[in-house]
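Here are some notes to read with the model open beside you. Take them one point at a time.

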Amino acid sequence: MDVLIVGAGAMGRWFGRTVDADLAFADADPESAVAAADALGGRAVPLDGDERFDVVCLAVPMRLAADAVADNAHRADAAMCDVTGAMKPPVAAMRDHLPDRERLSLHPLFAPHNAPGNVAAVADESGPKTDALLADIDAAGNRVFETTPEEHDAAMETVQAAAHAAVLAFGLAADDVREEFATPISAALDELVASVSGGTPRVYADIQSSFGGGADRVADAARALAAADDEAFADLYRRVSRGDTGVGAGADRVADDRTRDQTDKHDPIE
């Protein structure tokens, strides 16, 4: 099986290392394509070429995914897949441009240097090529699980957009204090800030623009906490403790909270 990987960055290289195929790389930066090909034993090809391959894998920024499908559909003989991070736009574009070919959308839920891990998958049109790709990913120690484009993109509002916004907001709000003052919670948050802020700003900006509802929910929650009096704060605290989250949906639960749970059962733990 020969595979063209469009996008020679970290995720494109991860895909190339993981699948058993003859590899070709194309990138807007031809030198990146050459470097990836040299590192993984493949070859570099022009980004705007017409050479055809069994499979074309798109490893481009998620904001470019739909256009990349249209630009490269003619190069895929049997199948196209993507590892862009969003699912609704590329899956919809693949349905439009490759209706008679295999289609697979993948989202490795980890940075490539932390592989293996969980990989979300939408096998929109299965076949021997996409089955082989999934088998290779599984054989590399990853846990592949099925989802839908709608479920995936909705989940990303929480696990990516909201999580990143919350961590970055703490980094922006926190003062520089002596290390001796750190608590286990603040130290853990500091580590998360270092992890998130050590990445590529464009990647995190793409996540916010693609799944921006998560950041809005973090802002709503912060405003609710900031405006709360002692009783309202306790209500919000209890809701989080119970897993009854979502500030926007909870205003009508406050009266029930106060009658059902008058006693705090959780002391601050640092």
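The points below cover a pocket and some aromatic rings.

1. This is a predicted model, where local features need pLDDT of at least 70 and side-chain atom pairs count only at pLDDT 80 or more, while totals for chains, interfaces and linings use all residues. Residues are numbered from 1 along each chain as its sequence is written, and side-chain values use heavy atoms, with hydrogens and water left out.

2. Start with the largest pocket, which holds about 1,400 Å³ of space. (A pocket is an open set of points on a 1 Å grid where a 1.4 Å probe fits, with protein on both sides within 12 Å along at least five of seven lines; lining residues have an atom within 4 Å of a point.) Its lining has 48 residues, and Ala10, Met11, Ala111, Pro112 and Val203 lie nearest the centre.

3. What kinds of residues make up the lining of the largest pocket? There are 26 nonpolar, 16 polar and six charged residues. Domain 1 (1–146) and domain 2 (149–240) each give at least three residues to this lining.

4. Now look for the two aromatic pairs in the structure. (Rings pair if their centres lie within 6.5 Å, and planes over 60 degrees apart count as edge-to-face.) Trp14 sits in helix α1 and Phe110 in the loop between β6 and β7 (118–125), 96 residues apart.

5. Are Trp14 and Phe110 buried or exposed? Trp14 counts as buried because its relative accessibility is 3%, and Phe110 is buried at 13%. (Buried means under 20% relative accessible area, and exposed over 50%, with a 1.4 Å probe and protein chains only.) Together with Phe15, Trp14 and Phe110 form one aromatic cluster.

Conventions
Points joined across faces, edges and corners; volume = space filled by probe spheres on them. Nonpolar A, V, L, I, M, F, W, Y, C, P; charged D, E, K, R; others polar. Domains from an automatic or database assignment. Phe/Tyr/Trp six-rings, centres within 6.5 Å; stacked < 30°, edge-to-face > 60°. Helix = DSSP H or I, 4+ residues; strand = E, 2+ residues; numbered from the N terminus.
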